[in-house]
Amino acid sequence: PEPEQPPTKLMVWDDRSSRFLSEFVFEAEVKAIAVGHEKFAVCVESYVFVFILSELKFVEKIPTFATKNGLLSISTEEGDCVLAYIDPKGEGYVGVKNYGTGKTISISAHESALKVIQLSPNGERLATASEKGTLIRVFNCKTGERLHEVRRGTQFMQIYSLAFHITNDWLVATSDSGTVHIFNVSNGADSINKRSKLSYIPFVPSYFKSEWSFAQFRMKENNSESQAIFRGADFTVSVANDAGKAYTFKFDPEKGGECIADEEIDLPVSYTHLTLPTIYSV
C-alpha cells in the first residue's frame, strides 16, 4: 500500500498517550532515523539533522556522504550521547561524534561503500560492514583504533544488520545467506572465534588468518532481509525476516557452534522495510 504521508515528512508518535506529538518536514526524502536515550537523528540526502528527544528541539545539521538508504547509529544507554554517520570524506568513512566531549573523529572503515554501521549501546564501539559483505570490523569510538576484523564468509553477500550484546563482548550479524553469525569481540588477547588450522603458520595469506563466527543459526529462508538482536543480558537472540518468520535461539558462550531454534513464529504482517523503521515511540 501507498504511504499516507510523503517521504519527506517525519511524524513523532507518543505511545503512552496514543497521539502524534509533532511532525518535521524536510526538503528531501528521509533516508534513515536513529533514536537514542537523549537525542534522535534523521538522515536526509547529504545531511544529518540532530534533535533533543525530550523537547523535540533542533540541535544541529551535520554534513554526511549521500547514500541510497542513509546510514545512522546512535548510542541508547544513559551517558554521553554518541552518533555515527557516513563521513563526507567518502562512502567508506564513518564520522563519530561524542556529544559529551564534543569531539568528532573520522574512521576509515572500508575501501568499498559501507552497508551497515552499528554502535554498541554505550557508544564505546562501532561495528561496520561494507557492500561486499565478507568482512566485519569493530573500532574504538574514542580513538578510532581497529579492535577486531572478523569474516562472515568468502562470497559477496548483503549484510543487513549488526548488533552488540549489552556487554560489548558479542556481535550478531545477519545477511541474505540465511545464516545468523555470532562473533566474540571481547578485549581478551586470545580470540575464541573459529580460525583455520593454517592460521598459525607464518607467511600464509591473510585469508587463512581470518576469524570466523563463534556460533551460527540457520534460518529456513534464504535471500530474505533480516535483523537480529540480543535479548537482555543472557545469550538469547531474536531474528526476524521479511519472509514473515521470526526465530528465537540461544548460543553457548563456552562451546559456540550450531544453534537450534527455541521458538519459531509466523509474523502477522510481512516485514518489507526492516532496515528503515518509520515509527518510533517517545
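Two strands are said to pair if DSSP finds at least two bridges between them. Helices (H or I, at least four residues) and strands (E, at least two) are DSSP runs, numbered from the N terminus. The model shown is predicted: local features need pLDDT of at least 70, side-chain atom pairs count only at pLDDT 80 or more, and totals for chains, interfaces and linings use all residues. Residues are numbered from 1 along each chain as its sequence is written, and side-chain values use heavy atoms, with hydrogens and water left out.

**View 1. Strands β4, β5 and β6 are joined by antiparallel pairing.** Strand β5 (residues 47-52) pairs with strand β4 (residues 39-44) over six bridges, and six bridges also join β5 to strand β6 (residues 57-63). Alanine 41 stands opposite valine 50 in β5, while tyrosine 47 has proline 63 in β6 as its bridge partner. The hairpin of β4 and β5 has two residues between the strands, and glutamate 45 in this turn has a positive phi of about 50 degrees. In the hairpin of β5 and β6, four residues lie between the strands, and leucine 56 in the turn has a positive phi of about 55 degrees.

**View 2. Lysine side chains lie over tyrosine rings.** A charge sits over a ring if NZ of Lys or CZ of Arg is within 6 Å of the ring centre and within 35 degrees of the ring normal. The charged end of lysine 61 is placed over the ring of tyrosine 47, 4.4 Å from its centre. Lysine 39 lies over the face of tyrosine 99, at 4.9 Å from the ring centre.

**View 3. Aromatic rings form pairs and a cluster.** Rings of Phe, Tyr and Trp (its six-membered ring) pair if their centres lie within 6.5 Å; planes under 30 degrees apart count as stacked, over 60 as edge-to-face and the rest as tilted. By this rule there are 14 aromatic pairs. Tryptophan 170 and phenylalanine 214 make a tilted pair, 5.3 Å centre to centre with 45 degrees between the planes. Tryptophan 170 belongs to strand β16 (residues 170-175) and phenylalanine 214 to the loop between β19 (211-212) and β20 (215-218), so the pair ties together parts that are 44 residues apart in sequence. Phenylalanine 217 and phenylalanine 249 make a stacked pair, with 4.5 Å between centres and 10 degrees between planes. This pair links strand β20 to strand β23 (residues 245-250), 32 residues apart. Buried means under 20% relative accessible area, exposed over 50%, and partly exposed in between (1.4 Å probe, protein chains only). Phenylalanine 249 is buried because its relative accessible area is 0%. Ring pairs also link Phe24, Phe26, Phe40, Phe49, Phe51 and Phe58 into a cluster.

**View 4. Threonine 236 lies in strand β22 of an open sheet.** The four strands have the order β21-β22-β23-β25, with antiparallel pairing. At the edges stand β21 (226-230) and β25 (261-266), each with a single partner strand, so one side of each has no neighbour in the sheet. Five bridges join β21 to β22, and phenylalanine 230 stands opposite valine 237 in β22. Threonine 236 is buried because its relative accessible area is 8%. Contact means heavy atoms within 4.5 Å; not counting residues up to four places away in sequence, threonine 236 touches Ile229, Phe230, Arg231, Thr248, Phe249 and Lys250.
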